[in-house]
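Hi,

Here is the structure I said I'd pass on. Have a look at it first, then read my notes below.

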Amino acid sequence: MPKQINENYIMNKFAPVMMGMICLTISGIGLAQSAPKPETSASPLPVMGKALRGHWTLKVAFEPASGLPAGTEGQGEETWREVVGGKTLLSEESWKAGPIDLSLLGIFWWDGKENRLHAMDCNNQGKSICDPKDAVDAVVVKWNGKELTIEEPERGTDGKLITSRVTFKDIQANSFTELNSLEMSPGKFEPVMTIHAVRAGT
């Protein structure tokens, strides 16, 4: 086959394919330029860390809904600190009240892709310790600038799922309140434990 005929054959055979690829590339560039970029939010961890960092002494009081004897109280301590350049916030908590001797590590981090907070709870009382899948899929963490709320579905003694809620509220320079409650009926939370924290040394 003469060279000229060979070149014409190649051009005729592959030109439509090449034009199609060029059109797809150009349209792809146009879509990439016109597609809106997802809105990103700033991580609230720096503000949370500033509000809660430090060492705290705790006074624990159980409410009637907890099932413990009325007047069950205890004491303990808690430390909040930022790690890995402020991208993760840790809460280390321990206290004793009645028959309960709690040791807990809370890990908070910001997901920049999803623009949301995550939290993982590692404690010596639960059956599941440090479950990362549960932390990402089931735990809901909210910070409104004044209060921190963590909600997590848990199984009660009867095997049914029940949502627990922990709220850090009334956050001041030298004190805050931690309210633990359970969703006893849909949408209705009852307090089971209240912790009053005072900054150590004040």
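Leaving out neighbours within four places in sequence, Gln 75 is in contact (heavy atoms within 4.5 Å) with Leu 58, Trp 95 and Lys 96. Trp 95 sits 20 residues away from Gln 75 in sequence, yet their C-alphas are 5.5 Å apart in space. You'll find Gln 75 in strand S2, residues 73–83 (strands are DSSP runs of E, at least two residues, and helices runs of H or I, at least four, numbered from the N terminus). Gln 75 counts as exposed because its relative accessibility is 59% (exposed is over 50%, buried under 20%, partly exposed in between, with a 1.4 Å probe and protein chains only).

A quick word on the ground rules: this is a predicted model, where local features need pLDDT of at least 70 and side-chain atom pairs count only at pLDDT 80 or more, while totals for chains, interfaces and linings use all residues. Residues are numbered from 1 along each chain as its sequence is written, and side-chain values use heavy atoms, without hydrogens and water.

Last, helix H2 (residues 45–52): its buried residues are Leu 45, Met 48, Gly 49 and Leu 52. They line one face of the helix, because they fall within an arc of 100 degrees seen down the axis of H2 (going by directions from the axis to the C-beta atoms).

Cheers
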